Amino acid sequence: MKLPGHVVLPALTNAHDHLQLNGIPSLPVTRHFPNSYDWARAFAGHFEDPDVQRARAVPLEIRHWQGALKNALCGTTTVMHHDPPAAIFQQRGFPVRVVQPFGWAHSLHAAYGPPVEASHHETPAGAGWFIHLAEGIDELATRELKELRRRGCLDARTVVIHGVALSDADIEDIIACGAAVVWCPSSNLRILGRTLSIRALRRLYDAQCLALGTDSRLSGARDLLEELQFARRYSDFAARELLELATARGARVLRCQSDNVDRGDYIVIRTGGGDPAECLLRLARHQLRAVVRNGRPWLTDPDLDHWFTEHNVRYEPVLLDGQPKLCASDALTPLRGSWRALEPGLTLAAIP
């Protein structure tokens with residue numbers, strides 16, 4: 001198929017999300033917090049809000065599917081889900097590939113999640129071990145990497161999520177032991193009013209131990225395309241470098257055995273001859289011409305309908321942010337029941 005004025009790019013990799021939280025209304029933020037623990041305590045009262053209760057009443061497997069749709073609709077086909085794996089991730093039509101195997105702890109001082117030392121010890125060599133760390137701007141956050149090292153949990157498996165309070169010495173320790181950092185600027189800015197410094201980001205990037213993540217919509221951006229725009233505003237990275245953070249660099253940090261290109265996961269965009277990375281950073285999800293998974297069309301503009309036919313993929317019309325699209329039918333399973341408005345902006349164009 002020839003598409004003049006278009007380019008094919010690798011599908012994106014989101015190095016940090018909580019899939020099941022993307023449909024829960026975020027806490028109205030009237031101030032910034034010294035650390036994420038204080039933000040979580042403030043959020044506890046927000047759970048009494050009727051809209052939050054309705055969102056949490058949606059079955060967990062449906063909420064996982066919605067988080068996957070959030071990612072796939074913007075061209076993100078590989079996701080690190082920082083919570084327990086779920087059986088639904090293996091269901092036919094699940095919109096994204098969830099990174100496995102992996103180890104995880106939530107954070108050093110939260111009650112949720114597996115024990116820090118035990119989960120680190122049980123993580124196999126070659127897999128990543130993920131933990132929210134140094135997510136703050138106060139002394140508590142500043143001390144966390146030293147505490148992690150003291151507890152024997154800083155090594156080549158370790159992937160630090162957020163890391164806003166990391167010092168220059170901390171970053172040197174991370175680089176020296178082969179660990180990595182996932183940067184989530186929109187969440188950092190919303191909760192803390194600050195994110196990693198340009199100097200820190202550059203050092204981590206040059207050491208090939210930095211990736212980009214969205215966090216969930218509870219605190220982060222709408223999707224990874226919007227996160228890339230945040231990342232551009234708060235760094236000195238060129239467009240090409242930002243694209244690498246959300247593709248090849250992300251796959252490296254997540255210890256993926258093969259990247260999205262190897263799997264046949266691509267996005268197609270119209271550039272008109274412009275620089276592809278620059279063009280992508282200006283796009284919203286409804287402006288992608290196509291999202292391809294495993295070499296087969298998953299989401300396209302209507303004029304590419306023959307592509308589904310050629311690959312024997314069942315599809316149906318949808319509206320994405322008001323724009324007509326075609327989507328692989330098996331990705332829309334939850335929308336056929338009472339969850340048709342599951343992902344904001346996505347609706348079936350024709351209800352069977």
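**Exercises on salt bridges**

**Exercise 1.** Classify aspartate 168 as buried, partly exposed or exposed, and state which residue it meets in a salt bridge.

*Solution.* In this predicted model, aspartate 168 has a relative accessibility of 40%. Buried requires under 20% and exposed over 50%, so a value in between is partly exposed; aspartate 168 accordingly counts as partly exposed. Its side chain meets that of arginine 199 in a salt bridge, at 3.5 Å from N to O. Arginine 199 belongs to helix 9 (residues 198-206) and aspartate 168 to helix 7, so the pair ties together parts 31 residues apart in sequence. Arginine 199 is exposed, at 52%.

**Exercise 2.** Determine whether aspartate 170 is buried or exposed, and which parts its salt bridge with lysine 146 ties together.

*Solution.* The closest N and O atoms of aspartate 170 and lysine 146 are 3.9 Å apart. A salt bridge requires a separation within 4 Å, so this pair qualifies. Aspartate 170 lies in helix 7 (residues 168-177) and lysine 146 in helix 6 (residues 144-150), so the bridge links parts 24 residues apart in sequence. Aspartate 170 has 2% relative accessibility and counts as buried, whereas lysine 146, at 45%, is partly exposed.

**Exercise 3.** Identify the network that contains aspartate 321 and arginine 222.

*Solution.* Aspartate 321 and arginine 222 form a salt bridge with closest N and O atoms 2.7 Å apart. Both partners are partly exposed: aspartate 321 at 24% and arginine 222 at 30%. Through shared partners, salt bridges join Arg217, Arg222, Arg285, Asp321 and Glu343 into one network.

Technical notes:
Residues numbered from 1 in each chain as written. Predicted model: local features only at pLDDT ≥ 70, side-chain atom pairs only at ≥ 80, totals over all residues. Heavy atoms only, no water. Helix = DSSP H or I, 4+ residues; strand = E, 2+ residues; numbered from the N terminus. Buried < 20%, exposed > 50% of the residue type's maximum accessible area, 1.4 Å probe, protein only.
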